Amino acid sequence: MNTTNPFGKKGWTPDRIKDLSGKTFVITGTTSGTGFEAARILLSKNARVVMLNRNPQKASDTTAQLKKILGNRIDVINITMDLGVQASVKKAATEVLEKVGRIDALMCNGAIAQVPKQQITKDGWESQMGVNFFGHFTLQALLFPLIEKSNGRIVTVGSLGYDMGIKAIKFDDLNWDKDYTPNDAYSQSKLAQIMTLYELQDRLAAAGKMGVKAYACHPGSSRTSLISTSGSFMMKMIFGLMKLSPLTQPAENGAYPELMCATEPELDQSAFYGPTGRSNWVGPVGPHELKPHAKDKVAANKLWELAEKETGVSWNV
Ligand SMILES: NC(=O)c1ccc[n+]([C@@H]2O[C@H](COP(=O)([O-])OP(=O)(O)OC[C@H]3O[C@@H](n4cnc5c(N)ncnc54)[C@H](OP(=O)(O)O)[C@@H]3O)[C@@H](O)[C@H]2O)c1
């Protein structure tokens, strides 16, 4: 039991979310898992939700499913975006800016994980870096002006994987041309995501832009489609067995940390949010330990500069 959780014994739950009429949330990857649950809960509180997904058929099936659960009056917009293709991310960002007048939170949830063999995206990056990191880096930068205008938030869904793998950014071989392993590459991409999120906080503070908030969180170990979408046969077997144990939790609980970061007033930005129970895999949601390498200032700054150069997108911070 965690006695220091500011949200009490049960931790943060969506009961704390008030009516969200008039508010707009943009979420990546809502066709399954935590993204689907986050969209469902936000819509149930009367928010407008913009769903950014790569597969238009799956996206439209998702809308149909949400309407079946919540009724036809939900305010949901589908925009096609493949996080692994920069041109698609840029096009989707333009479309978002055309379709909505405000963004209360951008929730960077979509991802691939544990890709068995090295794959290189169209833009030339290892696939997990390309989708999870570079895709979201560009999306965040392009939507930033509207988020700023809305005094909104940027939420990065990371992973405890930030503290697995080599626990550093492999600047001399970012694509893992040497020594590729699925876990090292996935872990690096999630470390890169949260590292630049904390770097963004520093850059916002230095620019005096205190209206925008940025948060990092993770869903613990949640029963979603993540491993079955991109993992190896062995990983699917391992996670299949884990799903039967109390070491995993329902996808809905995995959505709570990102929902909290998107909606909870007065949340400390310096923290890392997720389940606070066993190994931070399951349990009540709240802030918990973050290892210092996630806030390695030198690496974060270098990664930020590299990402701006690689994507050709500059932040207006
Ligand atoms: N589940 C866990 O235990 C766990 C643990 C640590 C961290 N996480 C993190 O939690 C977040 C949500 O994952 P999840 O577990 O809910 O997995 P999931 O069920 O597989 O959902 C991932 C979502 O991302 C989308 N996506 C994948 N590649 C994409 C691309 N190139 N462009 C746009 N969307 C794409 C998927 O769409 P498709 O339907 O098209 O594949 C899906 O909607 C991820 O950031 C993941 O790293 C999960």
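Two strands count as paired here if DSSP finds at least two bridges between them. Keep in mind that you're looking at a predicted model. By that pairing rule, 8 strands line up in an open sheet, in the order 3-2-1-4-5-6-9-10, and the pairing is mixed. Strand 3 (75–80) and strand 10 (285–288) sit at the edges, each pairing on one side only. Going from one strand to the next, the twist averages 25°.

Strand 2 (residues 48–53) pairs with strand 3 in the parallel sense, over 6 bridges.

Helix 2 (residues 56–70) covers strand 2 and strand 3, running at about 170° to strand 3. Helix 3 (residues 86–99) lies across strand 1 (24–28), strand 2 and strand 3, and runs at about 150° to strand 3.

Now move along to strand 6 (residues 213–217). Is strand 6 mostly buried or exposed? Of its 5 residues, 4 are buried, so the rest of the structure largely encloses this strand. On one pairing, strand 5 (residues 153–157) runs parallel to strand 6, and 5 bridges join the two. Val-157 has Cys-217 of strand 6 as its bridge partner. To get from strand 5 to strand 6, the chain passes through helix 5 (residues 182–206), making a right-handed β-α-β crossover.

Strand 6 also pairs with strand 9 (residues 272–275), again in the parallel sense, this time over 2 bridges. Here Ala-216 is partnered with Phe-272 of strand 9, and Cys-217 with Tyr-273 of strand 9. Cys-217 is a handy landmark, then: it has a bridge partner in Val-157 and another in Tyr-273.

Tyr-273 stands opposite Pro-287 in strand 10. Strand 9 and strand 10 pair in the antiparallel sense, over 4 bridges.

Next, a pair of helices. Helix 4 (residues 127–149) and helix 9 (residues 297–311) pack at an angle of about 80°, with their axes 10 Å apart. That makes the two helices roughly perpendicular to each other. Helix 4 brings Phe-134, Phe-137 and Thr-138 to the contact, while helix 9 brings Ala-307, Glu-310 and Thr-311. Sorted by class, that contact has 3 nonpolar, 2 polar and 1 charged residues.

Finally, check out a couple of loops. Asn-46 lies between helix 1 (33–44) and strand 2, and has a positive phi of about 75° even though it isn't a glycine. Asn-46 is partly exposed, with 15 other C-beta atoms within 10 Å. Lys-167, in the loop between strand 5 and helix 5, is not a glycine either, yet has a positive phi of about 55°. Lys-167 counts as partly exposed too, because it has 15 C-beta neighbours inside 10 Å.

Terms used:
Residues numbered from 1 in each chain as written. Predicted model: local features only at pLDDT ≥ 70, side-chain atom pairs only at ≥ 80, totals over all residues. Axes fitted to C-alpha atoms, helices over the stretch in contact; angles between N-to-C directions. Parallel < 35°, antiparallel > 145°, perpendicular 65-115°, else oblique. Contact = placed C-beta atoms within 7 Å. Nonpolar A, V, L, I, M, F, W, Y, C, P; charged D, E, K, R; others polar. Buried ≥ 20, exposed ≤ 12 C-beta atoms within 10 Å, placed from the backbone. Right-handed = clockwise from strand over helix to strand, strands pointing away.
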